[in-house]
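Dear colleague,

Please find the sequence and the structure below. A description of what was found follows them.

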Amino acid sequence: MIKVEWLYWLIGLVFVVMAFQMAADRSNPKRWTSAAFWGLLGLTFPYGTGVANATAGNGGWTLPAEPLGVAVLALIVLAGFNFLGKGVPVTTTDAQREAAATRLGSKIFIPALTIPLVAIVCASVLDESGLFETGKATLLGLGLGCIAALVVGMLVTGEKKVSVPIQSGRSMLEAMGSALLLPQLLAVLGSIFAAAGVGTQVGDIVNGVLPDDSRYLAVIAYCVGMFLFTVIMGNAFAAFPVMTAAIGWPVLIQQMHGNEPAVLAIGMLAGFAGTLCTPMAANFNIVPATLLELKDQYGPIKAQLPTGVALLGCCTVIMALFAF
């Protein structure tokens, strides 16, 4: 049976290999600290298995959680004090890339399409085969799809050295920088907020301000709260447990008897509207601007802001009219 931990170990190994590449790249003025950041991140993947085993009482090796916490703090220091640099990628010339684009044409999309195809097959066909860890077929299918896409990409382009795509991936990793980890950190922050009872405290404050039986004000508070918390945290999934525990469930559903799927789904959509308007959603708004080398780093946010505000208004009106 293929376990999801094996996929995590492979991801960690890729980070470690790229860290060695960074350490050897003299064109990067911060090569040692960059290598330390990504190498340390890669080592947290197998180490995290030991921590999870110790926490859940699973079999296998067990490791204390404290060193993993220290590693996370070290990653924050390296990123926060701008110790990450970018080397000069070893790549083809503009003329070579133009010639390759002409030769390949639409075939260049085959590797990208391989990923969802393999993931769908694993999730729908092989889920009950016993080949994958229970409940992890989709995630493992995504990982296997990436491996298959690497092989297919090398076949399509005629590349024979696996070091070439790894070098290209390392160059992209350096371009994205620590923003790559921001969604994961924000998701953890949402879990911490939920465990700390932030939603309950927000609910107490809102209940003290809102007039009794004011459905429309409660809807506005929930939708706008989802929007603003997503702007602050950069992740609608992180904002959802906080605002739903504060307003969505106790006020709109239990007190005002709102339709559960409608209230929660529209509330999540209001959070997604906030995703369009925040640099904290780095994987949506900052990383693409960096990869495309846009002159204005916040250009995507400025372009999306009217849509995000309009979507928030639509969510509020739809919930008020149709969710009760």
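Predicted model: local features only at pLDDT ≥ 70, side-chain atom pairs only at ≥ 80, totals over all residues.

Residues are numbered from 1 along each chain as its sequence is written, and side-chain values use heavy atoms, with hydrogens and water left out.

**Overall architecture**

The protein has 15 helices and 0 strands. Both are DSSP runs numbered from the N terminus, helices being H or I of at least four residues and strands E of at least two. Along the principal axes, the C-alpha atoms fill a box of roughly 70 × 50 × 45 Å. Of the 324 residues, 36% are buried; buried means under 20% relative accessible area, exposed over 50%, and partly exposed in between, with a 1.4 Å probe and protein chains only.

The accessible surface comes to about 18,100 Å², and 70% of this surface belongs to carbon and sulfur atoms. Accessible areas come from the Shrake-Rupley method with a 1.4 Å probe, and for residues only the protein chains shown count as cover. Among the contacts with a separation of 6 or more, 68% are between residues 24 or more positions apart, where contact means heavy atoms within 4.5 Å.

The mean positions of the 15 positive and 16 negative charges are 16 Å apart. Lys and Arg count as positive and Asp and Glu as negative, whereas His and the chain ends are not counted. The place of a charge is taken as NZ of Lys, CZ of Arg, CG of Asp or CD of Glu.

**Nonpolar cores**

A nonpolar core is a set of buried Ala, Val, Leu, Ile, Met, Phe, Trp, Tyr and Cys residues joined through side-chain atoms within 4.5 Å. The largest one has 32 residues, of which Tyr222, Phe229, Met243, Ile247, Leu252, Val263 and Met319 touch the most other members. At least two residues of this core come from each of α9 (198–209), α10 (215–233), α11 (236–255), α12 (260–275) and α15 (299–322). Helix α11 supplies the largest share, 9 residues. Apart from this core lies another, of 14 residues, including Ala19, Met22, Ala35 and Leu78.

Residues up to four places away in sequence not counted, Met243 touches Val202, Ala221, Tyr222, Gly225, Met226, Phe229 and Gly248.

Helix α10 has 19 residues and reaches 26 Å from its first C-alpha to its last, close to the 27 Å expected at 1.5 Å a residue. The expected span is 1.5 Å times one less than the number of residues in the helix. Buried residues of α10 include Tyr222, Cys223, Met226 and Phe229, and their cover includes α8 (182–195), α9, α11, α12 and α15. Gly234 follows α10 and has a positive phi, near 80 degrees.

Helix α6 (residues 137–157) has 21 residues and reaches 29 Å between its first and last C-alpha, close to the expected 30 Å. Its buried residues are Ala137, Leu140, Gly141, Gly143, Gly145, Ala149, Gly153 and Met154. What covers them includes α1 (4–24), α5 and α7 (163–176). Just after α6, Gly158 takes a positive phi of about 80 degrees.

**Individual residues**

Val121, in helix α5 (residues 110–124), is partly exposed at 36% relative accessibility.

Gln21 lies in helix α1 and is buried, with a relative accessible area of 15%. Residues up to four places away in sequence not counted, Gln21 touches Ser163, Ile166, Gln167 and Arg170.

Ser168, in helix α7, is partly exposed at 45% relative accessibility. Ser168 and Thr91 are 77 residues apart in sequence and 7.7 Å apart in space, C-alpha to C-alpha.

Asn82, in the loop between α3 (66–80) and α4 (94–104), has a positive phi near 60 degrees. His257 has a positive phi of about 60 degrees; His257 is found in the loop between α11 and α12 and is exposed, with a relative accessible area of 64%.

With kind regards
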